[in-house]
Amino acid sequence: MRRLICKRICDYKSFDDEESVDGNRPSSAASAFKVPAPKTSGNPVNSARKPASAGGPKVGGASKEGGAGAVDEDDFIKAFTDVPSVQIYSSRELEETLNKIREILSDDKHDWDQRANALKKIRSLLVAGAAQYDCFFQHLRLLDGALKLSAKDLRSQVVREACITVAHLSTVLGNKFDHGAEAIVPTLFNLVPNSAKVMATSGCAAIRFIIRHTHVPRLIPLITSNCTSKSVPVRRRSFEFLDLLLQEWQTHSLERHAAVLVETIKKGIHDADAEARVEARKTYMGLRNHFPGEAETLYNSLEPSYQKSLQTYLKSSGSVASLPQSDRSSSSSQESLNRPFSSKWSTANPSTVAGRVSAGSSKASCLPGSLQRSRSDIDVNAAAGAKAHHAAGQSARSGRLGAGALNPGSYASLGKAALRGVASVVFSLVSAKSGDRDILIASVHSPQLRIVCIF
């Protein structure tokens, strides 16, 4: 017995030594308990690759702008009618169906699949013409709480169906969905910062449908209040919704809240987030289309740096006409200064160009290519008026007060009445002899000033 035990121990030690020498060769005991590796098809080299990260692109279709799982308005429009078909035979049958739907949606303990089907049933009734029955609107008021509860559900599929149903109700009913829209919009805004893309994008799409089809002034405070939210994504989306509202709605629907809109846009232009500021600048264009006076007052109340940022954005979007009149003229003159000089003078006759230079400033009669203009902002309207005033004064004095017809040194004989209407300054320099010494007489004439200096 002792020999048998010793022999077993020696065999065991020799087995361990063999395994330690060749680590790639598994032992018989280990091979007995080894789990077989899963079979891989294709190139065996690919089996050694690491699995793709969670953030990598998924196979099976291009991702939307919002990322994987995101939905957009096109998906909503397809889902409006992608529902089981039903027929409505009487008002009583419609009431019984709506009562069953409300019972299912009001109890979150029902299976989520049943709640999703109940939401689809509402869309089926809309397609079948339920809006033509008066009892439908009475029961729709009773469904407000059930729809809000569905939009708060933890199941993304239920939330998605709730948002699609709300959007369909707004599209079909228009302003008749005012009470339901006012009740559901705050809940939809709570979906915007959700980390689940399907929930966040569903809430945003539903709000867009409501803004487009249900023009109720009571929705404006619900949107503007979220423009000052602590959540950055909510502020960005809120200004985007406000811009859409200013594009889609009529002015008479906005008049009661004009002051709120101006104050909200002003806060958005000063927002700490860069993207929120960009969205707020977009809303300025819509505000000016509805309320030009309030928009100009808002622009004038901004600091110069914010005015410049707003001007830059409007110019880049081709909306210079949305600027106040004074800033529009400054912008036009600045663009003319930035234009290449040759483009303004290339078609002009050289003799005509030389004639534009004043005869009194002979030292400034240089070639057109060397002329330089000031880079400061110029009021184009004031410059055009001064030019016309100057031309009228020259035509009135032609033939009798021309600079070439006067003798040197006789500019001092021109009175203020003769110089009235001349928009330019006349400078003359005459040398004379007084006794034993030479003197130099310099005179400057303008409509407001007359100076004679003797050296």
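Helices H14 and H16 are roughly perpendicular to each other, because their packing angle of about 75° lies in the range of 65 to 115 degrees that counts as such. The model is a predicted one. The protein has 21 helices and 3 strands, and 34% of its 455 residues count as buried.

**Packing of H14 and H16**
- H14 spans residues 274-290 and H16 spans residues 304-316, and their axes are 10 Å apart.
- On the H14 side, the contact involves Arg281, Lys282, Tyr284 and Met285.
- On the H16 side, the residues that meet them are Ser309, Leu310, Tyr313 and Leu314.
- Sorted by class, this contact of H14 with H16 comprises 5 nonpolar, 1 polar and 2 charged residues.

**Packing of H9 and H11**
- H9 (residues 178-191) packs with H11 (residues 219-226) at an angle of about 15°, and the axes are 10 Å apart.
- H9 and H11 are therefore roughly parallel to each other, as angles under 35 degrees count as roughly parallel.
- The crossing of H9 and H11 is right-handed.
- H9 contributes Ala181, Glu182, Val185, Pro186 and Phe189 to the contact, while H11 contributes Leu219, Leu222, Ile223 and Asn226.
- By class, the contact of H9 with H11 holds 7 nonpolar, 1 polar and 1 charged residues.

**Ile210**
- Ile210 belongs to helix H10, which covers residues 197-213.
- Ile210 has a relative accessible area of 1% and is therefore buried, the cut-off being under 20%.
- With residues up to four places away in sequence not counted, Ile210 touches Val166, Ser170, Ala181, Ile184, Val185, Leu188 and Leu219.
- Among these partners of Ile210, Ala181, Val185 and Leu219 also take part in the contact between H9 and H11.
- The C-alpha atoms of Ile210 and Gly174 are 8.3 Å apart, with the two residues 36 apart in sequence.

- The largest nonpolar core has 78 residues, of which Phe76, Phe136, Leu169 and Leu287 touch the most other members.
- Phe136 is in contact with Leu94, Leu98, Leu126, Ala130, Ala131, Leu169 and Leu173, leaving aside neighbours within four places in sequence.
- Among the contacts of Phe136 is Leu169, which is another of the core residues that touch the most other members.
- Of the contacts in the protein with a separation of 6 or more, 65% are between residues 24 or more positions apart.

Conventions. Residues numbered from 1 in each chain as written. Predicted model: local features only at pLDDT ≥ 70, side-chain atom pairs only at ≥ 80, totals over all residues. Heavy atoms only, no water. Axes fitted to C-alpha atoms, helices over the stretch in contact; angles between N-to-C directions. Helix = DSSP H or I, 4+ residues; strand = E, 2+ residues; numbered from the N terminus. Parallel < 35°, antiparallel > 145°, perpendicular 65-115°, else oblique. Left-handed = near helix turned anticlockwise from the far one by under 90°. Contact = heavy atoms within 4.5 Å. Nonpolar A, V, L, I, M, F, W, Y, C, P; charged D, E, K, R; others polar. Core = buried A, V, L, I, M, F, W, Y, C linked by side-chain atoms within 4.5 Å. Buried < 20%, exposed > 50% of the residue type's maximum accessible area, 1.4 Å probe, protein only.
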